[in-house]
Amino acid sequence: MNHGQKAREFFTKGYNCAQATAAAFSDEAKIDVKTILKMMAGFGGGVAGQREMCGAVTGMVFALSVIYGEYDALDNEAKTEMYRITREAIEEFRIEFGTTSCAELLEKAGCIAKENPTERTEDYYAKRPCTLFIEFAAELAASHL
């Protein structure tokens with residue numbers, strides 16, 4: 001199963017976009033899934049329902065951080081490279097979907113962005129474009145492995 005499929009599975013179990021995308025990288029992170037889900041809980045809904053940066057993007061940043069973020073704090077070259085890779089991935093997401101803003105992504109899909117989590121139903125999954133964003137972000141991060 002690829003990272004996009006793993007991320008989709010987590011999302012369809014009820015986890016938020018950030019949790020779903022990040023949890024798909026538990027093996028690479030060498031962190032158990034339960035811990036990743038806990039760490040990423042507040043990033044859903046564009047960071048705690050504020051509809052800012054899409055949770056799929058913040059989950060992707062988490063994944064890239066666990067892949068490239070292990071460097072000495074004073075190694076400016078390694079830090080610069082990690083930032084470059086992360087910015088590049090964020091820009092690829094922006095090019096694909098036109099924005100990284102949760103509110104704008106939902107608005108483009110005709111969805112009403114609410115502050116609090118919406119109950120997950122078949123209708124929710126049918127209307128929300130989030131699985132597309134999650135799968136894309138997870139595969140984008142995986143392409144940098």
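Does serine 26 count as buried or exposed?

Guide: Serine 26 counts as buried, because its relative accessibility is 13% and the cut-off for buried is under 20%. A word on the source: this is a predicted model. The protein averages a pLDDT of 94. 100% of the residues score at least 70. Confidence is highest in helix H2, residues 17–23, at a mean of 98. The lowest mean, 84, belongs to helix H9, residues 122–127.

Back to the serine. Serine 26 lies in helix H3, which covers residues 26–29. Set aside its neighbours within four places in sequence, and serine 26 is in contact with Ile31, Val33 and Ile36.

Now take another serine. Serine 65 sits in helix H6, residues 55–68. Serine 65 has a relative accessible area of 27%, so it is partly exposed. Beyond its neighbours within four places in sequence, serine 65 is in contact with Glu70 and Met82. Glutamate 119 is 54 residues from serine 65 in sequence. In space the two are 31 Å apart, C-alpha to C-alpha.

Next, the nonpolar core. The largest one holds 39 residues. Met60, Phe93 and Ile134 touch the most other members. Several helices each supply at least two residues of this core, among them H1, H2, H4 (33–39) and H6. Helices H7 (76–97), H8 (102–108) and H10 also each supply at least two. The largest share is from H10, with 8 residues.

Look at phenylalanine 93 in particular. Leaving out neighbours within four places in sequence, its contacts include Cys54, Val57 and Leu105. Phe133, Phe136, Ala137 and Leu140 are also in contact with phenylalanine 93.

Finally, a helix pair. Helix H1 (residues 3–12) packs with helix H10 (residues 130–142) at an angle of about 140°. Their axes are 7 Å apart. The crossing of H1 and H10 is right-handed. On the H1 side, the contact is made by His3, Gly4, Ala7, Arg8 and Phe11. On the H10 side, Cys130, Thr131, Ile134, Glu135, Ala138, Glu139 and Ala142 take part. The residues of this contact divide into 6 nonpolar, 3 polar and 3 charged.

Conventions
Residues numbered from 1 in each chain as written. Predicted model: local features only at pLDDT ≥ 70, side-chain atom pairs only at ≥ 80, totals over all residues. Heavy atoms only, no water. pLDDT = per-residue confidence, 0-100. Helix = DSSP H or I, 4+ residues; strand = E, 2+ residues; numbered from the N terminus. Buried < 20%, exposed > 50% of the residue type's maximum accessible area, 1.4 Å probe, protein only. Contact = heavy atoms within 4.5 Å. Axes fitted to C-alpha atoms, helices over the stretch in contact; angles between N-to-C directions. Left-handed = near helix turned anticlockwise from the far one by under 90°. Nonpolar A, V, L, I, M, F, W, Y, C, P; charged D, E, K, R; others polar. Core = buried A, V, L, I, M, F, W, Y, C linked by side-chain atoms within 4.5 Å.
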